[in-house]
Amino acid sequence: LTGYGLVTGLQRTGDTMRNEATIQSLSKRLQGLGVTLTPAQIRSRNVAIVMVTATLPSSARPGQKIDVVVSSAGDAISLLGGVLQMTPMLAPNGQAYALAQGPLAVGGFSVEAGGTASQNNHATVGQVPLGATVEKENPNRLDLLQMKQLDLLLRYPDFTTAKRMADAINAATGDEIAVAVDASAI
């Protein structure tokens, strides 16, 4: 899943005024909340535009929480101390499957003082642990009760291993239900 959002609450480490995408995004977000400001009226270094990513497990159900990764899409110096504002998480089909928001956990730092700079890890990438709530069930969810056939694929194809797996499944079930189709599939 991917999303495009805003991180707020940064201590003058957000995107610069040169980043028009941030200013326009903030202006539109504020308009959605009933506050009308033109992009020219916004003067803030406490906001950054970000890309948000997450993996939707095949077993995900509505209400379940999943982790999200947040990375700066602008020219922010650091996302440390920021809060991800509500961001729809879209699948490749364009549908929203989760909503992400919450405080960021950033594992790096970037400090500048007196002409000297120090950085450890990436201060422009962070995580929101359990920061997205699944809103819609994964359409690729495995429903073993409805399945007529299940294909097992070997990571390292080997016909002997495939045949032994099929034999073990058949012995365990007492029926001839598994067949080694080729070196990589049962």
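Here are some notes on the fold, the core and a few residues of this predicted model.

1. Ground rules. In this predicted model, local features need pLDDT of at least 70 and side-chain atom pairs count only at pLDDT 80 or more, while totals for chains, interfaces and linings use all residues. Residues are numbered from 1 along each chain as its sequence is written, and side-chain values use heavy atoms, with hydrogens and water left out.

2. Overall fold. The protein chain has two helices and eight strands, where helices (H or I, at least four residues) and strands (E, at least two) are DSSP runs numbered from the N terminus. Their order along the sequence is β-α-β-β-β-β-β-β-β-α. Contact here means heavy atoms within 4.5 Å. Among contacts between residues at least 6 apart in sequence, 65% join residues at least 24 apart.

3. Surface and burial. Of the 186 residues, 32% count as buried; buried means under 20% relative accessible area, exposed over 50%, and partly exposed in between (1.4 Å probe, protein chains only). The chain exposes about 11500 Å², and carbon and sulfur atoms supply 55% of that area. Accessible areas come from the Shrake-Rupley method with a 1.4 Å probe, and for residues only the protein chains shown count as cover.

4. The core. The largest nonpolar core holds 25 residues, of which V68, V70, L79 and L84 touch the most other members. Strands β2 (47–53), β3 (65–72), β4 (83–90), β5 (96–103) and β8 (125–134) each supply at least two residues of this core. A nonpolar core is a set of buried Ala, Val, Leu, Ile, Met, Phe, Trp, Tyr and Cys residues joined through side-chain atoms within 4.5 Å. In soluble globular proteins, nonpolar side chains tend to be buried together.

5. L79, worth a look in your viewer. L79 sits in the loop between β3 and β4, yet L79 is buried, with a relative accessible area of 0%. Leaving aside neighbours within four places in sequence, the contacts of L79 include V7, L10, A48, V50, V70, L104, V106 and V125. L10 is 69 residues away along the chain, but the two C-alpha atoms are separated by 6.5 Å.

6. Helix α1. This helix (residues 20–32) has 13 residues and reaches 18 Å from its first C-alpha to its last, close to the 18 Å expected at 1.5 Å a residue; the expected span is 1.5 Å times one less than the number of residues. T22, I23, S25, L26 and S27 are buried in α1, and the buried residues of α1 pack against β1 (2–8) and β2.

7. Two backbone angles to check. R12, in the loop between β1 and α1, has a positive phi of about 55° although it is not a glycine. L130 also has a positive phi, of about 50°, and is not a glycine either; L130 lies in strand β8. R12 is exposed at 59% relative accessible area, and L130 counts as exposed at 53%.

8. A132, also in β8. A132 lies in strand β8 and is buried, with a relative accessible area of 0%. Beyond four places in sequence, A132 touches Q64, K65, I66, V68, A98, L99 and A100. A132 and T87 are 45 residues apart in sequence and 8.8 Å apart, C-alpha to C-alpha.

9. Rings. K136 lies over the face of Y97, at 5.0 Å from the ring centre; a charge sits over a ring if NZ of Lys or CZ of Arg is within 6 Å of the ring centre and within 35 degrees of the ring normal.
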